Amino acid sequence: MTAAGQGIVPLNLVFLGPPGAGKGTQARRFAVCRGIGHISTGDILREARTAGTPLGREAHGFMVRGELVPDVVMCPLVAERLKAPDCAKGFILDGFPRTVPQGTALEESLSARGARLVACVYFDMAVDVAVRRLAGRLTCACGRMYNLDTAPPSKAGACDACGGALFQREDDRPEAIRRRLVVYEANTRALVEFYRGRNQLVRIDAGAEMSAVSEALERALPRP
Ligand code: AMP
């Protein structure tokens, strides 16, 4: 039986914010704490690229340029992923929706299943701060992220968790960062209004310390 079938409202969440705002790190932690699914559309696409699937090949050019992969690809992909068992008690969508049409498609696919979004958490951060954070970001193949300024690895160039070699994502390079933030700004204002109009918007100050952001999230979202 699903959580909804037991009378528990699934904790269905969207995390929205500029690349570099720390929403991925917070989403991973919060999803584990609450036993809900964590769906990062960026991770799904990167895995597809690494595996060389048709999805990965289609997404590659858009991603390298810092542009959005078209909705005809993204919306059915997410609708399908939300049906997986790890989302029965709820989910965090991290990186989706990025546009109002994606927000509308999400709302429609949830309501077709009698479900709805509990909140859209908006990780509010000034764009110039996000650019600085992204430029110092290093990633490990295991998924752990570091930041040369705010969260450096203990040993330069190596992952604390698995010892793997850290690298800079192709789209964390200056030209792609600029493009991603232009794309983000062009779409986000409307998406924030979309969720504010539905009384689903929860704003968090993403410029605060990581632990303060985690506490703010706990306070802002319903407890089980
Ligand atoms: P992210 O890791 O969320 O910053 O995503 C990396 C890249 O994947 C983005 O710059 C886009 O090219 C693509 N992408 C991720 N999520 C979406 C989405 N919801 N819609 C379109 N493209 C996306």
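I started at strand β4 (residues 119-124), which is joined to β7 by five bridges, the two running parallel. For my own record, helices (H or I, at least four residues) and strands (E, at least two) are DSSP runs, numbered from the N terminus. Two strands count as paired if DSSP finds at least two bridges between them. Across from V121 I find V202 in β7.

Before going on, a note on the source: this is a predicted model, where local features need pLDDT of at least 70, side-chain atom pairs count only at pLDDT 80 or more, and totals for chains, interfaces and linings use all residues. Residues are numbered from 1 along each chain as its sequence is written, and side-chain values use heavy atoms, with hydrogens and water left out.

Next I looked up the whole sheet. It is open, with five strands in the order β2-β3-β1-β4-β7 and parallel pairing. β2 (37-40) and β7 (201-205) are at the edges with a single partner strand each, so one side of each has no neighbour in the sheet. From one strand to the next the twist averages 20 degrees. Angles here run from 0 to 180 degrees between N-to-C directions, with axes fitted to C-alpha atoms, for helices over the stretch in contact.

I then checked what α2 does. It packs on the sheet and touches β2 and β3 (90-94), and its direction makes about 65 degrees with that of β2; contact means heavy atoms within 4.5 Å.

On to the ligand. Which helix gives the most to the shell around the ligand? It is α2 (residues 41-51), with four residues. The 16 residues around the ligand include T41, E67, G95, Q102 and R180, which come nearest; "near" takes a heavy atom within 4 Å.

T41 has a polar side-chain atom 2.8 Å from a ligand nitrogen. Alone, the ligand exposes 480 Å², and the protein buries 96% of that (Shrake-Rupley, 1.4 Å probe).

Most residues other than glycine have a negative phi, and most peptide bonds are trans. F96 and P97 are joined by a cis peptide bond, omega about -5 degrees, and P97 is in the loop between β3 and α5 (100-111). N199 has a positive phi, near 60 degrees, and lies in the loop between α7 (174-197) and β7.

Methods:
A polar contact is a pair of N or O atoms within 3.5 Å; within protein, one must be able to donate a hydrogen and the other to accept it, and residues adjacent in sequence count only if both atoms are side-chain atoms.
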